[in-house]
Amino acid sequence: MRKFSIDPSRLSRYREASASAYAAGREAQQDYLDRHHELGEIKAKKRLIDQGMEIPAYDRARLHGEADAKIESIGTEIQRLSEARARASELAQHHGAIAAAIDDYVGDKKQTFAHGGLGVVAR
Amino acid sequence: MKTLVGKVKAAFAQVQEDLDGLRDRIGELKGERDRVEALPHDIAEIERRVDREIATARERRSLRYPGFFQAFVVDLTLSGYLKRAFEADQLGFLAAWDPVRLKSVLMEDMPLNGITDADRATRLKKLSDDILATEIAEEVLLREMEASTNAPIFRRTDANPAILLAPDTELS
């Protein structure tokens, strides 16, 4: 089997790509959860508006309408974030798989060096 | 300007086609490697294995009834002994009973499309060499594309890490 050296710049490129894809995935997940949390709060507020006896009827209708508009807008955003999260997750898996294979390979090479080497060179 | 854009597009389409061709070829070669790995042993090797198994089973001497040769009284009849011998070791019993017939029955249903270990090793070596050469060609093409577009291009998740990490000079 032909032996190859390791180009350190390529090693860091793949590791960085994986780390950054993972971070982007985490961020997308957090954005998605934040919006969900926000939606929950608005829905809770809307319930309070509906139950609030001291609010005049015309005000209640206005506040109710505002809450509905917000719910709709956040719902659309959540849909967009959900798609972004799926894309980010796919990307993270792709880069993660490559980085894992590379880590295995580099780990094997270290083993090889430890046992006297087989003509491979890590630069 | 329109002609230039058209030329660039055509060049990209050609490169993409080359890349797809290389990736298809890698997939085919890997499929062929899996197929060769899974091919059965050749019939001579199968026969050796069957012979070995029967010989080992015969060594257990399942039909050696002590009542025929021991001076003291054996408290088991021949019939009881045979029943016990069969229950304890069917293969040993059959091998002692009729090894030729047993072999013939075992060999009846064996595959005939097998290959020798040497043949398998030769074919796998050739396929591995072809896969390596094609993967190198793919990586060289990808690096050229990256150099000309200045944008990173995704690798296959099952790409060979040795090639992904190799310096340019070792891939030429």
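Modeller: Helices (H or I, at least four residues) and strands (E, at least two) are DSSP runs, numbered from the N terminus. Residues are numbered from 1 along each chain as its sequence is written, and chains are lettered from A and ligands numbered from 1 in the order in which they are written. This is a predicted model, where local features need pLDDT of at least 70, side-chain atom pairs count only at pLDDT 80 or more, and totals for chains, interfaces and linings use all residues; side-chain values use heavy atoms, with hydrogens and water left out.

Colleague: OK. Where is B:Glu17 found?

Modeller: B:Glu17 sits in helix 1 of chain B.

Colleague: Is B:Glu17 buried or exposed?

Modeller: Its relative accessibility is 54%, so B:Glu17 counts as exposed. The cut-offs are under 20% relative accessible area for buried and over 50% for exposed, with partly exposed in between (1.4 Å probe, protein chains only).

Colleague: And how many Å apart in space are B:Glu17 and B:Gly6?

Modeller: C-alpha to C-alpha, 16 Å, for a separation of eleven residues in sequence.

Colleague: What about B:Lys30, buried or exposed?

Modeller: B:Lys30, also placed in helix 1 of chain B, is at 16% relative accessibility and therefore counts as buried.

Colleague: Which residues does B:Lys30 touch?

Modeller: Leaving out residues up to four places away in sequence, B:Lys30 touches B:Ile131, B:Glu135, B:Arg156 and B:Asp158. Contact here means heavy atoms within 4.5 Å. The B:Lys30 side chain also reaches the backbone oxygen of B:Asp158, at 3.4 Å. That is a polar contact: a pair of N or O atoms within 3.5 Å, where within protein one must be able to donate a hydrogen and the other to accept it, and residues adjacent in sequence count only if both atoms are side-chain atoms.

Colleague: Which residues are buried in helix 4 of chain B?

Modeller: In that helix, residues 90-97, the buried ones include B:Gly92, B:Phe93 and B:Ala95. Their cover includes helix 2 (43-59), helix 3 (78-88) and helix 5 (99-108) of chain B.

Colleague: Now the interface. What area do chain A and chain B bury between them?

Modeller: About 1,800 Å², with 65% of it on carbon and sulfur atoms. Within chain A, the residues that lose the most area to chain B are A:Phe4, A:Arg10 and A:His94, together 30% of what that side buries. Buried area is the accessible area (1.4 Å probe) that two parts lose on being put together, summed over both.

Colleague: How many residues are in contact?

Modeller: 21 residues of chain A with 21 residues of chain B.

Colleague: And how many residue pairs are in polar contact between the chains?

Modeller: Six, both residues at pLDDT 80 or more. On the side of chain A that touches chain B, the elements giving two or more residues are helix 1 (8-51) and helix 2 (57-114) of chain A. Helix 2 of chain A gives the largest share of that side, nine residues.

Colleague: Why does the pair of A:Arg10 and B:Asp168 join two chains?

Modeller: Because A:Arg10 lies in helix 1 of chain A and B:Asp168 in helix 8 (residues 168-171) of chain B. A:Arg10 is buried, at 11% relative accessible area.

Colleague: Back inside chain A: what do the side chains of A:Arg62 and A:Glu66 meet in?

Modeller: A salt bridge, 3.0 Å, N to O. The two residues are four apart in helix 2 of chain A, about one turn of the helix. A:Arg62 is partly exposed at 44% relative accessibility, and A:Glu66 is partly exposed at 42%.

Colleague: And A:Glu77 with A:Arg80?

Modeller: Those side chains form a salt bridge too, at 3.8 Å, N to O. A:Glu77 and A:Arg80 are three residues apart in helix 2 of chain A, so about one helical turn separates them. Elsewhere, salt bridges that share partners join A:Arg10, A:Arg13, B:Glu139, B:Arg143, B:Glu146, B:Arg155 and B:Asp168 into one network.

Methods:
Salt bridge = Lys/Arg side-chain N within 4 Å of Asp/Glu carboxyl O.
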